[in-house]
Amino acid sequence: MTYTTAIFYFFAAILVFAGLRVITARNPVHAALYLVLAFFTAAGLWMLLEAEFLAITLVLVYVGAVMVLFLFVVMMLDINLEKLREGFWDYLPLAGFVAVLLVIEMALILGSRHFGLEVMGAPAPHAADYSNTKELGRVLYTEYVYAFELAAVILLVAIVAAIALTLRRRKDSKYIDPAEQVKVRRNDRLRIVRMEAVKTQATQKPGAGEGGA
Amino acid sequence: MRHALMQFAPVFPEMFVLAMVSLILVVDAAASDGKRYLAYLLSLVTLAGAAFLTLRDFSTLPVLTLGGLFIDDPLSDVLKLFLYLTVAVVLVYSRDYLRQRGLYKGEFFVLALFALLGMMVMVSASHFLTLYLGLELLSLSLYAMVALQRDSSVATEAAMKYFVLGALASGMLLYGMSMVYGVTGSLGLGDIAIALQDGTDLRIPLVFGIVFIVAGLAFKLGAVPFHMWIPDVYHGAPTAMTLFIGSAPKIAAFAFVIRILGQGLESQVSDWRGMLVILAVLSMALGNIAAIAQSNLKRMLAYSTISHMGFMLLGILAGSQNGYGGAMFYVLAYALMSLGGFGMILLLSRAGFEADRLEDFKGLNRRSPWLAFMMLLLMFSMAGVPPTVGFYAKLSVLQAVVEIGYVWLAVAAVLFSLIGAFYYLRIVKLMYFDAPHDAVPIAASPDARVVMSINGLAILALGIMPQPLMAVCIHAIRASF
């Protein structure tokens, strides 16, 4: 076993363990932290495949940004876990059986017999000055620019959908629009009414004071 | 086939739609509540403009552009024109319904046009990447549209189911695509076809991948046994959204299937034909039988969709140009019928009343003989009764199936559609022979009535003279394959 193979198995074992813990951890914060571990080890695997840029992006974007946000949300929301995990252990035997079966089936077909090194051959390693950031950028903005733009459109749809589904103007909201506030004119707040001068006689009216007391 | 790395002219319709969606987004954000019709009108303008651009650059030869991700061929152009038409009709039918339910907002139109853009991308994709991105663009817009009625728990539940199962289907599809990529070393459909031309040593992984792809496609089409989401989503979604989901995306799904199976994996027809036979038979059986038990028209039409998709698969599994042409004719005819069927529910509904139960159609003849007649045509066409387009559509796919020697399959299909005729004719009986329940006059707007009349008469006209449309379909398939 070479050094890289050993590293690969080390990372792969941690990745599988972390993945399992994500779905079995009782505490959602722990689950999110295990997900961070899973991302981190996956980044390590990509590093082994010479995909340095993707590995770093995975750590920066997923671990650095997405998961931090995730953790905040998990910590702030009061989620009733017991209710969410209801039936988890009841379904586990059947689900576990199906999962094991799937893994065996896939191993039969996707094992080294069809995709092993003897059949496919390892790609030639690149020179030390090879920059896969540059290569990625080159194909992303030339050959795959259409797909790239489409991905951007999908993000736009996600934004539109998120706003359309969650934005509510609450009637009881105490929010005041500053622009409206600045634009206010005297006439909006104060109405001057011209009236005839009337002499008030309320206090002298008979019965008015007595009835109230 | 002309091959150009960067040639933008064929992509103008997509660019135009995207630009217009962005414009509508801004205009609607700035417009006050009384000016929601701006988004509606601009959407119709967008559709007309896109149709103009597609027609102006109507291709006679397939053009591969944008690095081989995008293909512009007669098939894609014809399907795109039908997509514009379908979406336009959907918008006209749903306007009043949306207004009465507080859903008449810019977001509906923006999402509908985004969905249209996704369908256009799917229709002219020549690469797994664009096929998948187009599908996601469509699906994400549809999930959001179903959930747009936020305060209705039924609609939210439908959206949730749709989302979860849709994500599962996408996962399967991607997994299958990755297998095919592993075997052929390419994601482009043309390259895959070339790589598989002389067979491959990796047959087992390839078939494994095809199984996942077919399962994913079946999910998206709603073929049995991957149909569970269809009745719930169709029933739970607001009718305008059901109308949208039930019409235009079927055309795109046809293109999706035909591109992957017919163009990319053409040489593996013997592998996927058997799978499609199972899907088709089960869909026709379950769709037609389960529809009998429904008392809700939306649910009934959902099961009818399942059976129609089974019928369409018959044409595809024939694997011949006639079969593809027949399937294309079928899906276009089905889009027309589905527009009419769900559109009728929209026309009969009013504020606070959905008109989606079978009994709401009782005695329609006495309330509005013309609309009852249109519904009669629609139901006859769905059942496949002769002078309507549904008959000819069924005939053309059956012919293709018989041509490849699957006579038993054609016989089974006819038997199942005979069973299906029962529940279509039941509606006709309710409309003509039962006394009306409610005497409230039908409050459909004049433009929706006119479009509905054209829709119904088109079904009759295309049934009497199917040759022009059939010729277009066959030509599009011949020139693109």
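This is a predicted model: local features need pLDDT of at least 70, side-chain atom pairs count only at pLDDT 80 or more; totals for chains, interfaces and linings use all residues.
Angles between helices here run from 0 to 180 degrees between N-to-C directions, and the axes are lines fitted to C-alpha atoms over the stretch in contact.

Take helix α3 of chain B, residues 74–100, and look at how it sits against α11(B): the two pack at an angle of about 160°, with their axes 9 Å apart. Angles over 145 degrees count as roughly antiparallel, so that is what α3(B) is to α11(B). The crossing of this pair is left-handed. On the α3(B) side the contact uses L79(B), F82(B), L83(B), T86(B), V87(B) and V90(B), and α11(B) answers with A248(B), I251(B), A252(B) and A255(B). If you're wondering about the spacing of those numbers, an α-helix has 3.6 residues a turn, so residues three or four places apart point the same way. Sorted by class, the α3(B)–α11(B) contact has nine nonpolar residues, one polar and no charged.

Now stay with α11(B), residues 248–264, and bring in α5(B). These two pack at about 165°, with their axes 12 Å apart, which makes α5(B) roughly antiparallel to α11(B). Here too you'll find a left-handed crossing. L131(B), L135(B) and L138(B) of α5(B) meet P249(B), A252(B), F256(B), R259(B) and I260(B) of α11(B). The class count for this contact is seven nonpolar, no polar and one charged. Note that A252(B) turns up in the contact with α3(B) and again in the one with α5(B).

Further along chain B there's another pair to look at. Helix α14(B), residues 321–348, and helix α20(B), residues 467–480, have axes that come within 9 Å and cross at roughly 130°. The two are therefore oblique to each other, and their crossing is right-handed. From α14(B) the contact takes Q321(B), Y324(B), G325(B), M328(B), F329(B) and L332(B), while α20(B) brings L469(B), M470(B), C473(B), I474(B), A476(B), I477(B) and R478(B). That contact divides into 10 nonpolar residues, two polar and one charged.

Back to α5(B), which also has a part in how the chains meet. In all, 27 residues of chain B are in contact with 19 residues of chain A. Three helices of chain B, α4 (106–123), α5 (128–147) and α8 (203–221), each supply at least two residues of the side that touches chain A. Of the elements on that side, α5(B) gives the most, with nine residues. The chain B side splits into 20 nonpolar, four polar and three charged residues.

Most residues other than glycine have a negative phi, and most peptide bonds are trans. Yet the bond from V224(B) to P225(B) is cis, with omega near 5°, and P225(B) is found in the loop between α8 and α9 (229–236) of chain B. Over in chain A, E50(A) has a positive phi of about 65° although it isn't a glycine; this residue lies in the loop between α2 (28–48) and α3 of chain A.

Terms used: Residues are numbered from 1 along each chain as its sequence is written. Chains are lettered from A and ligands numbered from 1 in the order in which they are written. Helices (H or I, at least four residues) and strands (E, at least two) are DSSP runs, numbered from the N terminus. Angles under 35 degrees count as roughly parallel, over 145 as roughly antiparallel, 65 to 115 as roughly perpendicular and the rest as oblique. A crossing is left-handed if the near helix is turned anticlockwise from the far one by less than a right angle, and right-handed if clockwise. Two residues are in contact if their C-beta atoms, placed from the backbone, lie within 7 Å. Ala, Val, Leu, Ile, Met, Phe, Trp, Tyr, Cys and Pro count as nonpolar, Asp, Glu, Lys and Arg as charged, and the others, Gly among them, as polar.
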